[in-house]
Amino acid sequence: MTGNPQTNSPTTGSAAHSEADSGAQNALRTAVEQGLPTTIADLCALVRIPSVSWAAFDRAHVAASADAVVALVRHLDVFESVDIVQAGIPGGTEVGQPAILASRPARNGRPTVLLYAHHDVQPPGKDEDWESDPFTPTVRGDRLYGRGAADDKAGVMAHIASIRALVAAVGRDFDLGLALFIEGEEEFGSRSFATFLNENREALRGDVIVVADSNNWDVNTPAITTALRGNVTLRLTVRTLEHASHSGMFGGAIPDAMLAMIKLLATLYGDDGSVAVAGLTSIDVPTPDYSEEQLRAETGLLPGVSPIGHGSILSRIWSQPALTVTGIDAPSVDKASNTLTPSVSVRISTRIAPGQSSVEAAVAIETHLREHAPFGASVEIDDIDTGEPFLVDTSGWAVTEARTAMTDAWGTPPVDIGVGGSIPFIADLVRVFPAAQILVTGVEDPDSRAHSPNESLHLGVFKRAVLSEAFLLGRLNERTGH
């Protein structure tokens, strides 16, 4: 995103560094620069592994990705333990995808930092929608293209590269405590996440948690994500007939399921396209300037198609609910017959504003759907998944340290941003580690197109993100009295 963001200057730090600080920063900067070719080569090797964690895809690829990541982590030679770990999924005997867990204790009063990223990726979609093969990392201009190049194998490599830089600058015998958690199923709902946390609580415990899975304001301005929407997803099935009937003989008297579904879905929206479900809430927070022209440029909105909703554009994305029909099961156009369809199913994805319980939101959505079913149609709701929204407490010392590190690395202070997407497992981190300070950072920019065809990583952004984290680790390695 571009525009005139409201920045938050660090309250301590960059204007008056001591000579020792400058020397440490120079060493870290040199290490990041010299290590960047190897870092990008390692990232490309990870992108080549099609580690899609969805149930319909081969789990062997996710296992191969875990093996590749654990080899990189072991080569750092800074952790007391490095393991590939799988946790059980609640409610059954199935286990989650393999994750990497590594830890080393803090010494001499230094804090411990938990670094999180994920090595699994979204399905690539149709190959013809990509300008190059999704699992063949390809550099065009200043961007690296490939599925997972940004989300989130670049996050994995940002952690590894920043630790490499710290080792190069101060040696392996540093005092900072580190825990590393590289998950293997974030793109499939982190189904074993809560179990994993409970089973590995002590190895994961940290004073600061860095979640490297978000965006920056633009390619020149870093960001700290301070608000995330939650989510409620479900499958809705509408039935009106016991069997299909001839549309010519009975059409006009019998409501088919498609008609009922269309009318029911229409009740979910107001005339301006905003969500019209009673009980879904919004929050009122200030937002930076962001124009309709920027929205059009960053999303590919077609000429003549208007944006939807009300309020500032960023408030619609960050702090209001949004509801999207993401899939539909119905007769295809190519195979359609002249019949009244007896049942239709859709997948509904709802993003809920920070401050609202996902359980409360799910009840509101289900109540609306049942109360607005037309013609007495049968409504079935199942396969419900929820994730909590998140608001970051920005008053802690870790946020101040992160602001300083980002300012020094990027040459400009970071922007506090909201993100319309969801990272539901953060609520689990808050539950298990209530005293930890959580920093949500990232390597993406508005044109990264995560989850979409032609996903890419801006290499300049990546370099600055690695440098920011290296500076943060360096600062925390010198910090006592946390």
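Predicted model: local features only at pLDDT ≥ 70, side-chain atom pairs only at ≥ 80, totals over all residues.
Reader: Where do I start? Which residues have the most contacts inside the largest nonpolar core?
Author: Those are Val73, Phe79, Val113, Ile163, Leu178, Leu457 and Phe462. The core itself has 65 residues.

Reader: And which helix gives the most to this core?
Author: Helix H13, residues 459–477, with 11 residues.

Reader: Pick Leu457. What does it touch, leaving out residues up to four places away in sequence?
Author: Leu457 touches Leu43, Val443 and Phe462, and also Asp142, Arg143, Leu144, Ala149, Ala150 and Ala154.

Reader: OK. What is in the second, separate core?
Author: That core has 36 residues, including Leu197, Leu295, Val415 and Ile423.

Reader: Back to H13. How do the axes of H3 and H13 cross?
Author: At roughly 50 degrees, and they come within 8 Å. H3, residues 153–170, is therefore oblique to H13.

Reader: Left-handed or right-handed crossing?
Author: H3 passes H13 in a right-handed crossing.

Reader: Which residues meet there?
Author: From H3, the list includes Ala154, Met157, Ala158, Ile163, Leu166 and Val170. From H13, it includes Phe462, Val466, Ala470, Leu473 and Gly474. Some other kinds of residue take part too, among them His159 and Ser162 in H3 and Glu469 and Asn477 in H13. Ile163 and Phe462 also came up above, as two of the residues with the most contacts inside the largest core.

Reader: Changing topic. How many salt bridges does the structure hold?
Author: There are 21.

Reader: Take Glu401 and Arg475. How far is N to O in that salt bridge?
Author: The distance is 2.6 Å.

Reader: Is Glu401 buried or exposed?
Author: Glu401 is buried, at 8% relative accessible area. Arg475 has 21% and counts as partly exposed; the cut-off for buried is under 20%.

Reader: What else does H11 tie to, say through Arg403?
Author: Arg403 in H11 pairs with Asp416 in strand E16, residues 415–419, so this bridge joins parts 13 residues apart in sequence. The N to O distance is 2.8 Å.

Reader: And are Arg403 and Asp416 buried or exposed?
Author: Both are buried.

Reader: What about Arg370 and Glu366? How are they placed in helix H10?
Author: They are four residues apart in H10, residues 358–371, so about one helical turn separates them.

Reader: Which residues are linked in a network of salt bridges?
Author: Arg59, Glu94 and Arg191 are linked in that way.

Reader: Last one. Where is Thr136 found?
Author: In the loop between strand E3 (112–118) and strand E4 (138–140). Thr136 is partly exposed, with a relative accessible area of 38%.

Reader: How far is Thr136 from Cys44 in space?
Author: The two are 8.1 Å apart, C-alpha to C-alpha, and 92 residues apart in sequence.

Methods
Residues numbered from 1 in each chain as written. Heavy atoms only, no water. Core = buried A, V, L, I, M, F, W, Y, C linked by side-chain atoms within 4.5 Å. Buried < 20%, exposed > 50% of the residue type's maximum accessible area, 1.4 Å probe, protein only. Helix = DSSP H or I, 4+ residues; strand = E, 2+ residues; numbered from the N terminus. Contact = heavy atoms within 4.5 Å. Salt bridge = Lys/Arg side-chain N within 4 Å of Asp/Glu carboxyl O. Axes fitted to C-alpha atoms, helices over the stretch in contact; angles between N-to-C directions. Parallel < 35°, antiparallel > 145°, perpendicular 65-115°, else oblique. Left-handed = near helix turned anticlockwise from the far one by under 90°.
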